[in-house]
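Hello,

Here is the structure I promised to hand over. Please have a look, then read my notes below.

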Amino acid sequence: PPRGRKKSYSVPEIQKILKVERHTVYKLIKEGHFKAAFIGGKWRISRLSFDLWLDGKSKYMDGIDKLD
């Protein structure tokens, strides 16, 4: 990846992007919508996996707020 570009997102970053509650992010992780790993006591979500998932969702949803 280009310098300075992270390969993963944190749960709070996903919350901010999707504008959803923390429990919704955990639910999406549990349901396997994107790749995530529990590292150092925290969930890290694959940036590539999440971005591909989000791009796919945008084609089928009027608004991301329907996730909550």
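The side chains of Lys 6 and Glu 13 form a salt bridge, at 2.5 Å from N to O. By salt bridge I mean a side-chain nitrogen of Lys or Arg within 4 Å of a carboxyl oxygen of Asp or Glu. This is a predicted model: local features need pLDDT of at least 70, side-chain atom pairs count only at pLDDT 80 or more, and totals for chains, interfaces and linings use all residues. Residues are numbered from 1 along each chain as its sequence is written, and side-chain values use heavy atoms, with hydrogens and water left out.

Lys 6 is partly exposed, at 37% relative accessibility. Glu 13 is partly exposed too, at 27%. (Buried means under 20% relative accessible area, exposed over 50%, partly exposed in between, with a 1.4 Å probe and protein chains only.)

The structure has two salt bridges. Lys 27 and Glu 31 also meet in one, at 4.0 Å from N to O. Lys 27 is partly exposed at 48%. Glu 31 is partly exposed at 46%.

Now the sheet. Three strands make an open, antiparallel sheet, ordered β1-β3-β2. Strands are DSSP runs of E, at least two residues, numbered from the N terminus. Two strands pair if DSSP finds at least two bridges between them. The edge strands are β1 (8–10) and β2 (36–39), and each pairs on one side only. Four bridges join β2 to β3 (residues 42–46).

Best wishes
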